[in-house]
Amino acid sequence: MVTNEAQAESILYGEFGAVSALPSGASIIISSTVSLGFVSQLEQRLLNEGKGLKLVDAPVSGGVKRASTGTLTIMASGTDEALKSAGLVLAALSEKLYIIRGGCGAGSGVKMVNQLLAGVHIASGAEAMAFGARLGLNTRLLFDVITNSGGTSWMFENRVPHMLDGDYTPYSAVDIFVKDLGIVSHECSSLKVSLQVATVAHQLFLSGSAAGWGRQDDAGVVKVYEALTGVTVKGEPPVLKKGVVLKSLPAEWPLDPIDDIQKLNQNNSKTLVVLDDDPTGTQTVHDIEVLTEWTVESLAAQFRKNPKCFFILTNSRSLSSEKASALIKDICRNIDTAANSAENIGYTVVLRGDSTLRGHFPEEADAAVSVLGEMDAWIICPFFLQGGRYTIEDIHYVADSDKLIPAGETEFAKDAAFGYKSSNLREWVEEKTGGRIPASSVTSISIQLLRKGGPEAVFEHLSSLPKGSTCIVNAASERDMAVFAAGMIKAELKGMRFLCRTAASFVSSRVGIIPKAPILPKDLGINKERNGGLIVVGSYVPKTTKQVEELRLQCGQILKTIEVSVDKLAMRSGEERKEEISRAAELADCFLRAREDTLILTSRELITGKTPSESLEINFKVSSALVEIVRQITTKPRYILAKGGITSSDLATKALEAKCAKIVGQALPGVPLWQLGPESRHPGVPYIVFPGNVGDSKALAEVVKSWARPVRLPSTKELLSKAEKGGYAVGAFNVYNLEGVEAVVAAADREQSPAILQIHPGAFKQGGIPLVACCVSAARQASVPITVHFDHGTSKQDLIEALELGFDSAMADGSHLSFKDNVLYTRFISLLAHSKGMLVEAELGRLSGTEDDLTVEDFEARLTDVHQAQEFIDETGIDALAVCIGNVHGKYPATGPKLRLDLLEDLHTLCLKKGVFLVLHGASGLSKELIKGCIERGVTKFNVNTEVRKAYMDSLNTPSKDLVDVLASAKEAMKAVVAEKMRLFGSSGKAS
């Protein structure tokens, strides 16, 4: 099929012309738009050849699209013999074949009239839209009005969308109408017929061609008007103010349909099977299972549970179109087989796709229908409240702060693999189906119908649809979605079958799920898990990049960050790729074991291919590298957060080897939270699936902060308060080195007991700030409540320095001073310490004995006086009082300790009245009975030093091969003593 007379002449009579080679009696079909004179002359020339060659004049209409599907309109003319010989060929090419009587040329005459009308309609459509733009009208709204009014035409409806989109991909071309209307002008001149409108239209197309637009789509003639007037016809749906638009809508349907949906679902035996093209579709559901495999056996097992819904993670968005289609066919076959094997359970398939319209549509829908059979309707419903996705008057919007931006104008529409131009979902369907489903054939359920007619109106609308329809669902609230779901279930109960292409909100509405509050670590009982959490970011959408920037800004102090180079992963040699993966995995392992929350993210430069398939290949290389990094990490994370749909899918299935997970809820609205199944590498670990396009810039930081291990140390005051209420005491253990610190923490962890790490001035003098930092770090990372206390501060200088080093509490020890000076000293320290939120302990009376080379002789020791204690407490404002009731520092005499429990009783009564905790130093060597008696009389803190030190020193007497063995032996010896004291004090098991 050739374009014009010159090409026809060349084919037939040129240097290698066909006429000389054609056998006698052959038929020639000319389908170009040519002049009547050319047809007449050609027929005569063929006759003159003397070979009985027959000419059929058969111009066509329908363009490239309809030619490819064999649905052209053909206007054929010629002799009966010629028409008969070409009849089968013409029938195969056409949807409508007209035989035009009047001899050769009659067909071209009809085609000329058709082209006159077509060209005039295109030109007048361009003129009308340019005039509307000049009037300041919204050209998209204008188009919508005209198509529903008397001024419309087929050409107007077909070509004006190209003008509105600014898309001049040549389905036809400006130069074709230069030629065709030129033929019309020549014929009207020959016949002396005045065709003024056609002539003006011809001049318009000539102007467009002269301006360089000849090879662009014929709708490009509108550029002539744009150039002359300065207007722009291209009509993007306007950016709207969200609040204004939502308030302008009718009031919601007054009754909440959720209860009705749940009741309807009891009668509707169909299970909702959601094929999720990435894991983010579980954004709105809870207490539902998601499968990452789709064997007939696993699907049948799901059906036998008779669930109202389950998900199958296909991850098809990461595949090519062909592979995605093949995958959906395979899954649908298995679903059907499994459902039949499980007592013929009915089901409805939902193709859950991206709420910003990316993914394999219509390929996946076509694949499903090829297996499951024709549906009564395809349902298109991308509404997703948590993601800020609204569909209003058939236009899909993305909320950005207080604005509603047409989806076609967002970064999502520029996706390298799944880009699109249309925001109007009717036009989007036509665009994605390549015109197979015209926008004019797509129906929709309006917000007005949902809010004024309710579920019954939805049911009636769906019931009235012709079989095989495509239906868009408008929605601006969860109530709208529930109203539609209720109406759809009623239609299903009447036997209708639907295939749904939706976002996440539809699923929860269709199942009748009632939302619940976001899940926190305490809800899953992982507060005590010690390892760091793992955050993996692969998504490249601008929103994710902003969220990562905010995450690092807000959480930089509590996060270890590992950035992996996309260039090395996707564009360099295999060796460089391998090195980058190993580096990231080794670092992550170290950080996680050190209980640090760890962020692994791909470098933020976006690298794309020259074609969509090349871009998908780069995405695959990056995603597979992240999978390999996580596979190489051996430490079990406290939780895992995966950012981005493809990333989260690949990590779940390939890195973590999950086959089934439970959707327990959301970590944030729109952010699914799974718990990995028993077959996975990390059973029970929470898995947060964070979509790339959900939440504001602070959303990722908000989730990470809520899942971070508490960095605030529990206060000594809290520990002692719980002990007082619980009838036990907390051990405060003096430490001098790393082994001592580790021994106390390890014992506390084993016994699940709170504990206090104490540093005496003597130890502080030797260990200094590093010893304090060691204690504070150990307390922060411990899985049980541990605080750090400065013990026996007899020097203002030491205490003032200690107040700045991270201690949670301190003892102002003025027991060596006179009562008056002790009060002044202690009050001074109390004021300073309380300004920093620290607990202050003080001693009244004086213990005999030796501790860290400080010795108090028996004659210097004195018991605590109750009356003096009352004055001391009132004057100093202390929080805890260390009392002397016969207890000593160091070893007790051979006759054993002689404690004045009666005095302790009186002091307890006083301290209880004053809200002050009782502390007893010198707990080493006290019997179980004495310890119990002291606790019963209000002691909440026991200081332990001598026995732990002795265990350390004794361990040094055991021969060891290496220094490492000495350290290990010492730690175990001290750990045993500390654990025994915890059991003695009753604090074991009291960590929570």
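Contact here means heavy atoms within 4.5 Å. The model shown in these views is predicted.

**View 1. L462 in the largest nonpolar core.** L462 touches I379, I445, F484, G487, M488, A491, M496 and F498, leaving out residues up to four places away in sequence. The largest nonpolar core has 76 residues. L462 is among those with the most contacts inside it, together with I379, F484 and Y687. Helix 23 (residues 574-593) gives this core its largest share, six residues.

View 2. L425 sits in helix 16, which spans residues 425-432. Is L425 buried or exposed? Its relative accessibility is 0%, so L425 counts as buried; the cut-off for buried is under 20%. Outside the four places on either side in sequence, L425 touches L357, P382, T391, D394, H396 and I472. S444 is 19 residues from L425 along the chain, and their C-alpha atoms are separated by 9.3 Å.

**View 3. The packing of helix 8 and helix 9.** Two packed helices are described by the angle between their axes and the distance between the axes. For helix 8 (residues 174-190) and helix 9 (residues 196-213), the angle is about 145° and the axes are 9 Å apart. The crossing of helix 8 and helix 9 is left-handed. Helix 8 contributes V174, D175, F177, V178, L181, G182, V184 and S185. These meet A198, T199, A201, H202, F205, L206, G208, S209 and W213 in helix 9. By class, the residues of this contact are 10 nonpolar, six polar and one charged.

**View 4. The packing of helix 31 and helix 32.** Helix 31 covers residues 819-835 and helix 32 covers residues 866-876. They pack at an angle of about 35°, with axes 9 Å apart. Their crossing is right-handed. On the helix 31 side, F819, N822, V823, T826, R827 and S830 take part. On the helix 32 side, the partners are Q868, E871, F872, E875 and T876. The contact of helix 31 with helix 32 holds three nonpolar, five polar and three charged residues.

**View 5. R827 in helix 31.** R827 is found in helix 31. Which residues does R827 contact, leaving aside its neighbours within four places in sequence? They are E875 and T876. At 29% relative accessibility, R827 counts as partly exposed, because that class runs between 20% and 50%. The C-alpha atoms of R827 and Y420 are separated by 73 Å, and the two residues are 407 apart along the chain.

View 6. Most residues other than glycine have a negative phi, and most peptide bonds are trans. The bond joining F361 and P362 is cis, with omega of about 10°. P362 lies in the loop between strand 10 (347-352) and helix 15 (363-372). E393 has a positive phi, near 55°, and is not a glycine. The loop that holds E393 runs between strand 12 (389-392) and strand 13 (395-400). With 64% relative accessibility, E393 counts as exposed; the cut-off is over 50%. Q752, also other than glycine, has a positive phi near 50°. Its loop is the one between helix 28 (738-751) and strand 26 (755-759). Q752 has 24% relative accessibility, so Q752 counts as partly exposed.

View 7. An unreviewed UniProt entry gives the domain "3-hydroxyisobutyrate dehydrogenase-like NAD-binding" at residues 105-225. In the model, this span is 74% helix and 0% strand. The end C-alpha atoms of residues 105-225 lie 35 Å apart. UniProt lists residues 272-509 as the domain "Four-carbon acid sugar kinase N-terminal", again from an unreviewed entry. Over residues 272-509 the chain is 37% helix and 22% strand, with end C-alpha atoms 11 Å apart. The domain "Four-carbon acid sugar kinase nucleotide binding" is placed by UniProt (unreviewed entry) at residues 534-700. Residues 534-700 are 44% helix and 24% strand. The end C-alpha atoms of residues 534-700 lie 13 Å apart.

How values were computed: Residues numbered from 1 in each chain as written. Predicted model: local features only at pLDDT ≥ 70, side-chain atom pairs only at ≥ 80, totals over all residues. Heavy atoms only, no water. Axes fitted to C-alpha atoms, helices over the stretch in contact; angles between N-to-C directions. Helix = DSSP H or I, 4+ residues; strand = E, 2+ residues; numbered from the N terminus. Left-handed = near helix turned anticlockwise from the far one by under 90°. Nonpolar A, V, L, I, M, F, W, Y, C, P; charged D, E, K, R; others polar. Core = buried A, V, L, I, M, F, W, Y, C linked by side-chain atoms within 4.5 Å. Buried < 20%, exposed > 50% of the residue type's maximum accessible area, 1.4 Å probe, protein only. UniProt positions renumbered as here; feature names shortened; annotations may be inferred.
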